Amino acid sequence: MGGRGGDPQTGPLLEKLPESSCSSSEPEQHPVKRTGTVWTASAHIITAVVGSGVLSLAWSVAQLGWVGGPAAIVFFAGVTVVQSSLLAECYVSRGDPERGGLIRNKSYMNAVRFYLGEKRQMFSGFFLSISLFGSGVVYTLTTATSMRAIHEANRYGREGQGAPLSTAAAGGSDVYYMLLFGLAQAVLSQIPDFHNMAWLSVFAAVMSFFYSFVGFGLGAAKVIENGVIKGGIGGIPLVSPVQKVWRVAQSLGDIAFAYPYTLVLLEIEDTLRSPPAESKTMKKASRASIAVTTFFYLGCGCFGYAAFGDGTPGNLLTGFGEPYWLIDLANLCVVLHLLGGYQLYSQPAFAVVERRFGVEAWVVEVELPLLGWRRRVNVFRLCFRTAYVAAVTAVAVWYPYFNQVVGLIGAFTFWPLDIHFPVQMYLAQNKVAPWTTRWLAIQAFSATCLLVAAFASVGSAVGVFGPNRT
């Protein structure tokens, strides 16, 4: 999953979530030395975008076919370039009559509050909460799939390809692995500031790049081995035209989930030196990194579809049988990456609730004399974080439809977080007059994205909640 679609590995995702007592949208009293360049910004963006979302792209291309699949990936790449350019302009505000000086908006949520007000910030916070919670569900589903794939690959390695599937694999149930992952997250969530540990971002980036490159390479190797490019112009044929429409919608949601990095863009821009203007450097970095990412996404998606055709799996890594050791290692990297990545999404959500309820008032002394153990335990933190992880795990168990859930989360939050608020902030920052050519062009861009997101949201919702889940 990247930004959101990938993974926010550039630092704590939204450490600067709404706070009533402070804001990073203030003139700086003590200038900070910023040394970032177009190269460092590009590296941050690529790291933020490339993530577990790449594993579902082959399935998405398979639903859309050889024309629609690549076209959809390029379309969302173009949308990401445009919206990132609009948002990059909102980092600096000059000549504010009330505050004076140069105002730096160092995070997404504070930019929304600065340009659009607290009510809009609360509205964006609603979608942000869904995105954070939904990403936890997606991570749980992805990890369970990879854990089962490791187990099955080991069995095939010992017993050969003819070995019967295990009970879990035969029944398609990953509940056991979801519960194991949820238990691990319940423990990790109790570690204070786990998501701020310096090594976590580097570790997550290395893991995500490794398994992504493995998927890319194995897909290309299998196409060469097959000696033929599988697939068709219209994608995987389905019995019902309506079912095909919903599958197309779900695949669009999956691609939408894989691209945007809106939530960390301003934090990346805040690292850049000037001159030149930070927005110019950020735009250049965005174009370069999205071009690289798009090439990589097209490779994973198209090679995966070309290798498996109508049998393209929802998670690319689960489609390969050999070499066992490399597939095991790639799936292990997925598990290790998402163990930490889950906390990058969850810890900011914890912080918001715990600030609101005054968590420090719930600290008690716990003593176990027989073990010689005595610790201060925060009861609220223990209960709330455990309940949150349990809720995420329960939703994953209840709706274990990887591609459909990815599509629903990606599509539902895509327009408000990645399009609507950046567009409105840009219009406010640049004081664009209504009904001018520029205003009409930007509103047309937003309306087009809204229609695509609505279509993808409905189709993904049918896939998750419908009686005949597709």
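Okay, some ground rules. Residues are numbered from 1 along each chain as its sequence is written, and side-chain values use heavy atoms, with hydrogens and water left out. Since the model is predicted, local features need pLDDT of at least 70 and side-chain atom pairs count only at pLDDT 80 or more, while totals for chains, interfaces and linings use all residues.

Let's start with charges. How many salt bridges does the structure hold? Three, where a salt bridge is a side-chain nitrogen of Lys or Arg within 4 Å of a carboxyl oxygen of Asp or Glu.

Take E89 and K283, whose side chains meet at 2.3 Å, N to O. E89 sits in the loop between α2 (57-88) and β1 (92-94), and K283 in helix α10 (residues 278-308), so this pair ties together parts that are 194 residues apart in sequence. Those helix and strand names are DSSP runs, numbered from the N terminus: helices are H or I with at least four residues, strands are E with at least two. E89 is partly exposed, at 22% relative accessible area. For that scale, buried means under 20%, exposed means over 50%, and partly exposed is in between, using a 1.4 Å probe and protein chains only.

Next up, R104 and E278 form a salt bridge at 2.9 Å, N to O. R104 is in strand β2 (residues 102-104) and E278 in helix α10, 174 residues apart. Are these two buried or exposed? R104 counts as buried at 12%, and E278 is buried at 5%.

Then there's D174 with R148, at 2.2 Å, N to O. D174 lies in the loop between α5 (167-171) and α6 (175-188) and R148 in helix α4 (residues 118-159), so the pair joins parts 26 residues apart in sequence. D174 is buried too, at 9%.

Now look at helix α11, residues 324-356, which is where you'll find D328. D328 is buried, with a relative accessible area of 14%. What does D328 touch, leaving aside neighbours within four places in sequence? A149, I150, A153 and N154, with contact meaning heavy atoms within 4.5 Å.

Last thing: cysteines. A disulfide is a covalent bond between the sulfur atoms of two cysteines. The structure holds zero of them, going by a cut-off of 2.5 Å between the sulfurs. C333 is buried at 6%, whereas C383 is partly exposed at 47%.
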